[in-house]
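Please take a first look at the protein shown here.

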Amino acid sequence: MNIVVFGGAMAGGSPEYVKGAEELGKWIAESGHTLIYGAGKEGMMGSVSEAALSAGGRVIGIIPQFMVDKGWYNEHVTESIITDDMSDRKNKMYEMGDIFVALPGGAGTLDEIAEAVMWLSLETLNRPVILYNINGFYNNLFGIYETMVRDDFLIPEAMEYIYLVDGVKAMDEIIKKNES
């Protein structure tokens, strides 16, 4: 299964964030899944990818050329896909992904996960979107989605695919539920 992980290029202000990213990367590899991510070598992206690679996993990095030129690219990935721009990068990730996981991150991570939810609302995506809620990071965002449903701005069916989880065990259960 291809698990797309969105996450920050920074490590954040708590060591728990990096620990969660490493736990996720290791779990993806040990479960026999493929990690697909933004090919960064720093922060949450670097932590999840290095953990997956260290555990013997397959890691596909998708990155726009300008980020390669800036030196942000993780050259250790199993496979690289270089895109023209950020839009092409996201489109390739959505095309290849079976499940989408958001680690804590900044505006880019929020943009990526918001677009996945938008595709859910347009009923063109019916794959899990998982908010990895390390230190309660996504409590407010999940609450906003619930408010959107309550106030008729998001179709209720979208919430069938949006999950708020606090560990990889819950992700494993979501995968098993969606495989059947």
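## Strand 5 and its partners

Strand 1 (residues 2-6) runs parallel to strand 5, and four bridges link the pair. This is a predicted model. Within that pairing, Ile-3 sits opposite Ile-99 of strand 5. Strand 5 also pairs with strand 6 (residues 129-132). That pairing is parallel too, with three bridges. Here Ala-102 faces Leu-131 of strand 6.

Which way do the side chains of strand 5 point? Ile-99 and Val-101 point one way from strand 5 (residues 99-102). Phe-100 and Ala-102 point the other way. In a regular strand, side chains alternate between the two faces of the sheet. All four of these residues, Ile-99, Phe-100, Val-101 and Ala-102, are buried.

## The whole fold

The protein has seven helices and seven strands. Read from the N terminus, the order is β-α-β-α-β-α-β-α-β-α-β-α-β-α. Among contacts between residues at least 6 apart in sequence, 68% join residues at least 24 apart.

How does the radius of gyration of the protein fit that of a compact globule? For 180 residues, a compact globule would come out near 16 Å. The protein has 15 Å, which agrees. Along the principal axes, its C-alpha atoms fill a box of roughly 45 × 35 × 35 Å.

## Surface and charge

Of the 180 residues, 49% count as buried. The accessible surface of the protein is about 8,700 Å². Carbon and sulfur atoms account for 50% of that surface.

The protein carries 13 positive and 27 negative side chains. The centres of these two sets lie 4 Å apart.

## Thr-34 in strand 2

Thr-34 belongs to strand 2 (residues 34-37). Is Thr-34 buried or exposed? Thr-34 is buried, because its relative accessible area is 11%, and the cut-off for buried is under 20%.

What does Thr-34 touch, leaving out residues up to four places away in sequence? Its contacts are Met-1, Asn-2, Ile-3, Ile-28, Arg-58 and Ile-60. One of these, Ile-3, is the residue that stands opposite Ile-99 in strand 5.

## Two positive phi angles

Two loop residues have positive phi values without being glycine. Ala-39 has a phi near 70°. Ala-39 sits in the loop between strand 2 and helix 2 (43-54). Glu-123 has a phi of about 60°. Glu-123 sits in the loop between helix 5 (107-121) and strand 6.

Their surroundings can be set side by side. Ala-39 counts as buried, because its relative accessibility is 0%. Glu-123 is exposed, with a relative accessible area of 61%. The cut-off for exposed is over 50%.

The loop between strand 6 and helix 6 (139-150) holds Asn-135.

Asn-133 counts as buried, because its relative accessibility is 12%. Asn-133 is in contact with Tyr-138, Asn-139, Leu-164 and Val-165.

Ile-134 is buried as well, at 9% relative accessibility. Ile-134 touches Glu-16, Tyr-17, Gly-20, Ala-21, Leu-103 and Pro-104. Ile-134 and Glu-173 are 39 residues apart in sequence. Their C-alpha atoms are 18 Å apart in space.

Which residues does Asn-135 touch? The answer is Ser-14, Glu-16 and Tyr-17. Asn-135 and Tyr-17 are 118 residues apart along the chain. Their C-alpha atoms are separated by 7.8 Å. Tyr-17 is also among the contacts of Ile-134.

Conventions
Residues are numbered from 1 along each chain as its sequence is written. This is a predicted model: local features need pLDDT of at least 70, side-chain atom pairs count only at pLDDT 80 or more; totals for chains, interfaces and linings use all residues. Side-chain values use heavy atoms; hydrogens and water are left out. The radius of gyration is taken over C-alpha atoms; the globule rule is 2.2 Å times the number of residues to the power 0.38. Buried means under 20% relative accessible area, exposed over 50%, partly exposed in between (1.4 Å probe, protein chains only). Contact means heavy atoms within 4.5 Å. Accessible areas come from the Shrake-Rupley method with a 1.4 Å probe; for residues, only the protein chains shown count as cover. Lys and Arg count as positive and Asp and Glu as negative; His and the chain ends are not counted. The place of a charge is taken as NZ of Lys, CZ of Arg, CG of Asp or CD of Glu. Two strands pair if DSSP finds at least two bridges between them.
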